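The model is shown below.

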Protein chains: 2
Amino acid sequence: METLNVDLGTRSYPIHVGPGLLARADALLPDTMGADVLVVSNATVAPLYLDRLLNAFGARRVVSHLLPDGEQHKTLDEVAGIVTTALEAGFSRDATFIALGGGVVGDMTGFAAAVFMRGVRCVQIPTTLLAQVDSSVGGKTGVNHRLGKNLIGAFHQPSCVLIDTDTLDSLPPREFAAGMAEVIKHGAIADLAYFEMLERQQEALVSRESDALGQAIAQSCRIKAAVVAEDERERGRRAILNFGHTFGHAIEACTGYTRWLHGEAVALGMLMAAEMSDLEPVSQARLRDLIVAMRLPTEPGSLATASMLKAMGHDKKVQAGSLTLILLSGLGEAYISRDFDDARLKSVLDAWST
Amino acid sequence: METLNVDLGTRSYPIHVGPGLLARADALLPDTMGADVLVVSNATVAPLYLDRLLNAFGARRVVSHLLPDGEQHKTLDEVAGIVTTALEAGFSRDATFIALGGGVVGDMTGFAAAVFMRGVRCVQIPTTLLAQVDSSVGGKTGVNHRLGKNLIGAFHQPSCVLIDTDTLDSLPPREFAAGMAEVIKHGAIADLAYFEMLERQQEALVSRESDALGQAIAQSCRIKAAVVAEDERERGRRAILNFGHTFGHAIEACTGYTRWLHGEAVALGMLMAAEMSDLEPVSQARLRDLIVAMRLPTEPGSLATASMLKAMGHDKKVQAGSLTLILLSGLGEAYISRDFDDARLKSVLDAWST
């Protein structure tokens with residue numbers, strides 16, 4: 001097991017990474033935690049891992065709440081349901097909410113913990129690669145609104161993140177690859193040596209070898225934790241974590257959120273962002289090769305430039321200069337750009353729209 | 001105009017108190033505020049003051065949202081409605097939400113600001129005495145759940161509080177008196193000199209003389225701000241602000257939340273708490289006299305001891321030692337008591353149950 005620390009002053013917390021951690025959950029939770037625990041999971045994850053987690057708890061009073069599976073259930077009403085379960089159990093401000101599942105379960109449970117009696121402790125136990133390297137670390141929580149994703153939420157740091165790498169064994173190949181997109185992103189924006197390690201280890205990672213995977217997850221968490229520690233509320237530097245995401249979100253929107261998984265769209269978005277960057281052709285090729293090696297797509301299908309610009313909030317209705325892109329000055333080094341060339345953006349999108 | 005500061009490090013904010021401030025709102029708002037403003041009010045307050053506030057704004061883009069009036073509408077659904085209005089206006093993380101109204105409007109607007117895009121600025125413009133001296137200062141926001149009051153919420157400090165004492169002219173007498181209960185409380189728990197000032201000024205206050213009222217509101221805010229600055233998230237000392245509230249909430253619950261206004265129940269609760277305290281008879285009499293002078297009730301009507309204990313969470317179903325009372329060691333000095341004498345509590349309640 002490897003343990004890292006997210007350094008946020010009084011809100012600092014540990015991330016434990018390794019195999020077999022679910023069964024040891026009780027001992028790994030912070031000492032200060034009270035006896036009352038609400039475990040939130042969903043209909044897909046619970047049959048696989050809920051019993052293993054519940055069996056780990058001895059003297060605590062544990063109640064569980066199952067959400068329906070899927071992004072369409074990431075609503076304020078479902079969060080209210082979590083709160084109701086906690087209230088009906090008689091839980092108070094000493095309670096701890098535990099999220100067992102992917103990003104949707106983590107975001108909703110974290111938000112429920114943020115607002116239950118004005119805030120209780122939350123522990124994240126992510127069971128997808130995407131959640132392990134991305135959403136479980138950093139304290140962003142929330143739900144969707146019919147007018148857009150994640151528009152209602154809070155910054156609420158967890159008290160602890162527990163990453164049991166064994167839970168990846170059950171992950172479908174496309175979802176595993178989608179998580180790898182964020183892993184590649186961490187190397188690309190912040191750590192050339194890590195990017196090179198991913199290149200060397202690509203076969204071991206694709207075949208989910210435990211050691212290689214544990215190291216990659218830990219290093220990705222370390223990078224994300226460092227960025228979050230520097231800028232908890234995303235007022236500046238934290239935006240570099242959005243590398244590939246502005247293009248990626250637009251791809252998702254233009255394809256009705258059905259064709260690509262989020263991570264797949266991010267992979268495609270990273271390729272577009274790399275083309276917008278002043279990046280050497282050889283570096284662009286290395287990024288593309290690693291994306292291919294991780295079984296991620298490189299062809300988005302037909303995308304109209306006008307629709308992409310609109311989805312990026314960069315059509316005529318939005319004032320100039322409002323769009324921010326995260327670009328690379330080299331592999332391992334990202335920067336925030338607000339003064340990119342509009343004509344170049346259009347020509348990059350045109351090249352992808354055929 | 002008087003300006004105080006709530007000292008909370010990077011979350012510090014000013015409170016402006018005085019007559020005629022609504023018309024000067026634009027100039028009094030913090031310089032850092034963006035152009036987009038959402039004013040939230042309700043059907044009772046808006047006809048009185050909304051135009052005056054909107055006229056004060058020049059170059060800003062202002063949208064307003066009216067809530068239905070009443071505690072029964074303090075729900076998550078109504079908060080979602082505020083968020084929807086902001087989204088439909090195209091507002092982003094630069095927006096500012098302004099609460100124009102009493103405590104319910106303030107709590108709901110503050111909570112909407114806490115969760116809109118994970119948190120935007122909020123300005124409180126309280127128009128009732130209770131909200132001016134109590135709920136607008138301190139950052140507690142939230143809504144009710146069918147299982148209890150204020151069970152869903154967040155700590156979200158405002159960027160500024162604007163108290164226009166002219167708005168009290170329209171306040172019904174019972175609501176004015178209810179606000180005075182919290183004013184008396186501030187003197188009783190923390191400031192003997194202030195308590196004595198209230199005794200001397202009682203006629204001027206009851207007749208709502210502007211100078212006396214402005215001074216009292218400012219001093220009450222100063223006391224509340226100092227307590228909040230010491231313990232923002234109510235982990236200790238902040239609990240002294242609950243003087244009279246444990247008994248008061250029980251009185252409200254035992255009378256179905258219809259017979260007494262919150263402040264009236266707090267006045268009755270302060271008398272009960274004073275009897276539980278080791279307070280000289282002369283001090284008890286002074287507290288009672290001031291409550292009478294402010295046109296607040298001293299007779300709760302028939303209250304069964306068993307129902308009161310149950311409403312206080314102190315019947316046999318709840319473990320011993322879980323109830324906390326705020327008591328007085330003297331006028332102007334409160335302490336937190338967890339080891340009071342159960343028999344004495346019962347006999348105090350018995351004396352009030354006839």
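## Contact between the chains

In this predicted model, 19 residues of chain B are in contact with 19 residues of chain A. Four elements of chain B each give at least two residues to the side that touches chain A: helix H3 (76-88), helix H4 (103-115), strand S7 (140-145) and strand S8 (148-155). The largest share comes from S8(B), with five residues.

Sorted by class, the side of chain B that touches chain A holds 13 nonpolar, four polar and two charged residues.

## Relation of the copies

Chain B is superposed on chain A by a rotation of 180° with 0.0 Å of shift along the axis, at an RMSD of 0.0 Å. The two copies are thus related as by a two-fold rotation axis.

Of the interface residues of chain B, 100% are also interface residues in chain A, so the copies meet through the same surface.

## Domains of chain A

The domain assignment of chain A gives domain 1 (2-170) and domain 2 (173-352). Taken over C-alpha atoms, the centres of domain 1 and domain 2 of chain A are separated by 26 Å.

Between these domains of chain A, 22 residues of domain 1 are in contact with 23 residues of domain 2. On the domain 1 side, the elements that give two or more residues are strand S1 (2-6), strand S2 (13-18) and helix H5 (129-135) of chain A. H5(A) gives the largest share of that side, five residues. By class, the side of domain 1 of chain A that touches domain 2 has 13 nonpolar, six polar and three charged residues.

How values were computed
Residues are numbered from 1 along each chain as its sequence is written. Chains are lettered from A and ligands numbered from 1 in the order in which they are written. This is a predicted model: local features need pLDDT of at least 70, side-chain atom pairs count only at pLDDT 80 or more; totals for chains, interfaces and linings use all residues. Copies are superposed by least squares on the C-alpha atoms of residues with pLDDT of at least 70 in both. Two residues are in contact if their C-beta atoms, placed from the backbone, lie within 7 Å. Domain bounds come from an automatic or database domain assignment. Ala, Val, Leu, Ile, Met, Phe, Trp, Tyr, Cys and Pro count as nonpolar, Asp, Glu, Lys and Arg as charged, and the others, Gly among them, as polar.
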